[in-house]
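Biologist: I would like to learn how to read disulfides in a model, so please take me through the general idea and then through the case at hand.

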Amino acid sequence: MNKKKKVIIGVVVFILAVAVGYALFSDTLTINGTATAKGEFELTYLCEIDESGVASIGQGDCIVSGNTITTTSTLSKPNESVIYRVTVTNTGTIPAVLKTVTSPNNYTQTGTPGDEMYTDMSTMLFAQYFVCDDAGFGECNYGLGNSAIESANIVIEPGESKYIAILHGWADSSYLDMEQPAIPAEGATINYNLTFGFGQKTN
């Protein structure tokens with residue numbers, strides 16, 4: 001075989017190698033499998049009566065069961081109130097986002113869609129919750145209904161806390177030009193519970 005033929009064969013082999021390589025690398029690469037994010041999802045709840053800045057405080061009790069907070073207040077007269085502070089701390093290793101807040105005795109106010117609270121017009125008792133960034137209730141989302149929770153994007157990073165203020169009150173109907181219901185000698189009691197549905201942050 002002369003030198004000319006060797007050169008031609010060498011060029012042909014090179015071209016074939018380049019063509020095959022290009023075909024291999026330009027093909028679509030598909031990888032099938034499942035990815036699972038590893039981490040620990042865990043929240044702790046602490047509930048206590050907040051006695052700072054409240055002019056008139058009734059008797060109150062707060063029970064934590066899982067992610068459900070049950071508050072019971074006994075008020076002796078109109079204009080009396082109790083505020084509870086619920087501290088939710090992310091003791092896990094992955095962020096948690098608030099997705100739902102449910103209560104059997106919440107209703108959505110017609111005047112402000114998305115703001116949920118409890119009211120009993122027969123007694124003028126009411127309850128309202130707020131989700132706040134600090135223990136002093138400085139930056140708060142006002143009583144979010146489930147329709148507004150997603151847009152609020154309330155996230156608790158690992159090691160951080162959010163604070164939920166739960167307000168119980170006895171309204172003075174004279175401010176609303178309404179007749180005040182009779183005041184029972186034993187006072188009036190509010191039972192109010194909230195279940196907070198936190199989940200893993202997905203984005």
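This is a predicted model: local features need pLDDT of at least 70, side-chain atom pairs count only at pLDDT 80 or more; totals for chains, interfaces and linings use all residues.

Biologist: What is a disulfide, and how many does a search of the whole structure find?

Modeller: A disulfide is a covalent bond between the sulfur atoms of two cysteines. Here the criterion is a pair of cysteine sulfur atoms within 2.5 Å, and the search of the whole structure finds 2 disulfides. With the bonded cysteines numbered in sequence order, the pairing reads 1-2, 3-4.

Biologist: Which parts does the pair of C47 and C62 tie together?

Modeller: The sulfur atoms of C47 and C62 are 1.8 Å apart, and their link is right-handed, with 100° about the S-S bond. Because C47 lies in strand β1 (residues 43-50) and C62 in strand β2 (residues 59-65), the pair ties together parts that are 15 residues apart in sequence; strands here are DSSP runs of E, at least two residues, numbered from the N terminus.

Biologist: Is C140 buried or exposed, or partly exposed, and what of C132?

Modeller: Buried means under 20% relative accessible area, exposed over 50%, and partly exposed in between, with a 1.4 Å probe and protein chains only. C140 is partly exposed at 34%, whereas C132 is buried at 0%; the disulfide joining them has an S to S distance of 2.1 Å.

Methods
Residues are numbered from 1 along each chain as its sequence is written. Side-chain values use heavy atoms; hydrogens and water are left out. Helices (H or I, at least four residues) and strands (E, at least two) are DSSP runs, numbered from the N terminus.
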